[in-house]
Amino acid sequence: MGWRGILGFDYGIVQAPLGPDISGPELVAAVAKAGALGFLRVPDWEAPDYVRQLIRKTRTLTDKPFGVGVVLAFPHEENIRAILEERVAVLQVYWGECSKDIVLQAHQAGVKVVPQVGSFEEAKKAVNAGVDAIIVQGREAGGHVIGQDGLIALLPRVVDLVREHDIPVIASGGIVDERGYVAALALGAKGVALGTRFLATEES
């Protein structure tokens, strides 16, 4: 495993799910090949057949593991079912409760669960649900932002919360370069999630 690996990936870098038309199979496959964790993003409506197409197309581009992100505030049950049936490496969920039932179903399918949280209270619920890692999102983040706390204030609190649970914490929000990465590590994160930074790639 390479420097600062998380969840079995070589590097502690996560490419956030930016939308089906932005973080598509090409970008996710490139990230996976590089040893980091890339996320596809399902639509904001039930489209299980399309979700399967995205997953299968990505698999034609790489044999490395990757994940899929789901916004729980939108219709999602059929999409999650398709994701678990396809047995991707990681299910990422946000904007909604990561319930014990979701975690149980995912684990039964051999899929790890990583919720994105925007508050200390959300983090506590995620720990109790038995998740495999937690993405802590500061309000500096783009896209679907739910919390009001800045990353620097929230991150160390969540790191302290999970210290005895062996749950990796991933920092998200305004991180664009190596300085942000090092700062997140100094605050106790095991990796960083970047979204907008990946817009500059040829594959996006």
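Colleague: Is the crossing of H1 and H2 left-handed or right-handed?

Modeller: The crossing of H1 and H2 is right-handed. Helices (H or I, at least four residues) and strands (E, at least two) are DSSP runs, numbered from the N terminus. Bear in mind that this is a predicted model: local features need pLDDT of at least 70, side-chain atom pairs count only at pLDDT 80 or more, and totals for chains, interfaces and linings use all residues. Residues are numbered from 1 along each chain as its sequence is written, and side-chain values use heavy atoms, with hydrogens and water left out.

Colleague: At what angle do the axes of H1 and H2 cross?

Modeller: Roughly 45°, and the axes come within 9 Å. Axes are lines fitted to C-alpha atoms, for helices over the stretch in contact, and angles run from 0 to 180 degrees between N-to-C directions. H1 and H2 are therefore oblique to each other. The scale: under 35 degrees is roughly parallel, over 145 roughly antiparallel, 65 to 115 roughly perpendicular, and the rest oblique.

Colleague: Which residues make that contact?

Modeller: From H1, Pro25, Glu26, Val28, Ala29 and Lys33; from H2, Leu54, Lys57, Thr58 and Leu61. Contact means heavy atoms within 4.5 Å. The set divides into five nonpolar, one polar and three charged residues. Here Ala, Val, Leu, Ile, Met, Phe, Trp, Tyr, Cys and Pro count as nonpolar, Asp, Glu, Lys and Arg as charged, and the others, Gly among them, as polar.

Colleague: And how do H2 and H3 pack?

Modeller: H2 (residues 48–61) and H3 (residues 77–86) pack at about 30°, with axes 8 Å apart. H2 and H3 are therefore roughly parallel. Pro48, Val51, Arg52, Ile55, Arg56 and Arg59 of H2 meet Glu78, Asn79, Ala82, Ile83, Glu85 and Glu86 of H3. That contact has five nonpolar, one polar and six charged residues.

Colleague: Switching to strands. What do S1 to S8 form?

Modeller: A closed barrel of eight strands, in the order S1-S2-S3-S4-S5-S6-S7-S8, with parallel pairing. The twist averages 25° from one strand to the next. Two strands pair if DSSP finds at least two bridges between them.

Colleague: How many bridges link S1 and S8?

Modeller: Three, in the parallel sense. Ile13 stands opposite Val192 there. Three bridges also join S7 (residues 169–172) to S8, again parallel. Ser172 has Ala193 as its bridge partner in S8.

Colleague: Are the residues on the two faces of S8 buried or exposed?

Modeller: Buried on both: Gly191 and Ala193 on one side, Val192 and Leu194 on the other. Buried means under 20% relative accessible area, exposed over 50%, partly exposed in between (1.4 Å probe, protein chains only).

Colleague: What do the buried residues of H5 pack against?

Modeller: H4 (100–108), S5, S6 and H6 (151–161). The buried residues of H5 (residues 120–129) are Phe120, Ala123, Ala126, Val127 and Ala129. Just after H5, Gly130 takes a positive phi of about 90°.

Colleague: Last one. Where is Gly19 found?

Modeller: In the loop between S1 and H1. Gly19 is buried, with a relative accessible area of 7%. Leaving aside neighbours within four places in sequence, Gly19 is in contact with Gly24 and Arg41.

Key: Left-handed = near helix turned anticlockwise from the far one by under 90°.
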